Amino acid sequence: RIQNVQELIDVLYKGAKVKVSTGADKAIKNKIGLYAGIGIAVVVACVAGVMIFTGKGNGTLPETSVAVETETAIQEEMLINTDSQEEQMGEQIVFYHPQKSISTSHDHILFCMQDGTVTARGENENGECDTEDWTNVAAVAAGHGSSFGVRTDGTVLYAGNERLKDVEYWENMIDVQPWNFGAVGLTKGGTIIAMHPQNYGEEFEIMQKNMESWKNIKAIAAIDWNVFGLTDDGRILSAMNENSVVTEGWSDVEYLLTDIYLGNSGLLSGLCEDGTVKAVQLENNSNEFYQENMTSQTNVTQLSNRICVHEDGTVSVIDAYEGMEYQEERILEIVETWNDVQAASMFSHGTGYYYALKKDGTILYSAPNMGNAELNEFKNLEWIRLVEEEGTESLIAYTKDGKILATGGYSR
């Protein structure tokens, strides 16, 4: 029970527990303070009036529910007012596109949903999967132990190793990509901001200076050993080779992609406005088979390493080599039956692992099956166990008629 004015003031201050969302305007806090101050003043005045009216001058509050009800009403009003406030975003300069809604690294994968939230799966050693609080994100990128989210107003969210935390100070960005253990960002004005990995040699400092001299860039693609920039007039610049021109005539390209799984003999691809694909071989690459398969794709809305999504929501797996042994027929049969897909990618920690994000936000997954059965064949079981071995998971079962069934990465 509240016995005096001082106790009432203490209750008001302690009860005003207010949670203000990240980025909320300071005016909210000022308003809360004003409400609390007014509430306290009103209640104190009322209490003083009651004491005068009752003739009690010792500060003792008579038994009444008026003060408690007033305190509760003020507290509830403050909580309602603050919880209803939404974070104020700046002008929108980044727009959601399927091409930037999925990204994989060597150990995790990011899915950017149409509502601006981000779902992450995979290893979380550095906190790279701690994206559950992200909002208003229009594009994502996954790197070595790091996750980047570009928000609609061009600000950047980051999760992962502390070495790249400063990217959260970047503004006016339309794209951010991991670069080895660093990061590179493209501004709305067509310039580059780069953060090269420390203690990785003078060549990275040279590449950073080369990139920061670029102008009128509309798309970038980064891999461990190089960064490429697409100019407004359709030239592809290479940061590693003293800003040399890799190719020309790509003015109709909207997004760039590098195949990180083929190393220095990889492929640089471009997704065009009309849904066609362009590709050029990088250094020491003679894989014309992969290049031809990549450029033969049509009606493409999202392009990833060895996989693309078409306008009708279907998925095609692009062969990089003739007779690729790891592309099991069972996996391809599953992947190529997916429908209503928005974006898809092959997970880089193991060949044959495919993920897809459907237009309704559902996540699809397919992995290599080195066993002797599919899940729908697991019937009449005596027991079943999950087996983990060298980063793979498998289900092993024993049937009542004496058969051993296995599905997943387990092959023995």
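Let's start with strands E7 (173-179) and E8 (182-187): E7 and E8 pair in the antiparallel sense over six bridges. Two strands count as paired if DSSP finds at least two bridges between them, and the elements themselves are DSSP runs, numbered from the N terminus, with helices (H or I) of at least four residues and strands (E) of at least two. To pick out one spot, methionine 173 has threonine 187 in E8 as its bridge partner.

Before we go on, please keep in mind that this is a predicted model, where local features need pLDDT of at least 70, side-chain atom pairs count only at pLDDT 80 or more, and totals for chains, interfaces and linings use all residues. Residues are numbered from 1 along each chain as its sequence is written, and side-chain values use heavy atoms, leaving out hydrogens and water.

Back to our strands. They belong to an open sheet of three, in the order E7-E8-E9, with antiparallel pairing. E7 and E9 are at the edges with a single partner strand each, so one side of each has no neighbour in the sheet. From one strand to the next, the twist averages 15°.

Now, what lies across this sheet? Helix H4 lies across E7, E8 and E9, at about 165° to E9. That angle is taken between N-to-C directions, on a scale from 0 to 180 degrees, with axes fitted to C-alpha atoms, for helices over the stretch in contact. Contact here means heavy atoms within 4.5 Å.

H4 covers residues 202-212, and its buried residues are Phe204, Met207, Gln208, Asn210 and Met211. Buried means under 20% relative accessible area, exposed over 50%, and partly exposed in between, using a 1.4 Å probe and protein chains only. Down the axis of H4, the buried residues fall within an arc of 160°, so they line one face of the helix. Glu202 and Lys209, on the other side of H4, are exposed.

Next, the largest nonpolar core: it has 16 residues, and Phe148, Val156, Val167, Trp170 and Val176 have the most contacts inside it. Such a core joins buried Ala, Val, Leu, Ile, Met, Phe, Trp, Tyr and Cys residues through side-chain atoms within 4.5 Å. The largest share, three residues, comes from E4.

Finally, a word on confidence, or pLDDT, which the predictor gives each residue from 0 to 100. The chain's mean is 78, with 70% of residues at 70 or more. Over residues 38-84, though, pLDDT is below 50. Where pLDDT is low, the predicted coordinates should not be read in detail.

Note on methods:
The arc is that of the directions from the helix axis to the C-beta atoms.
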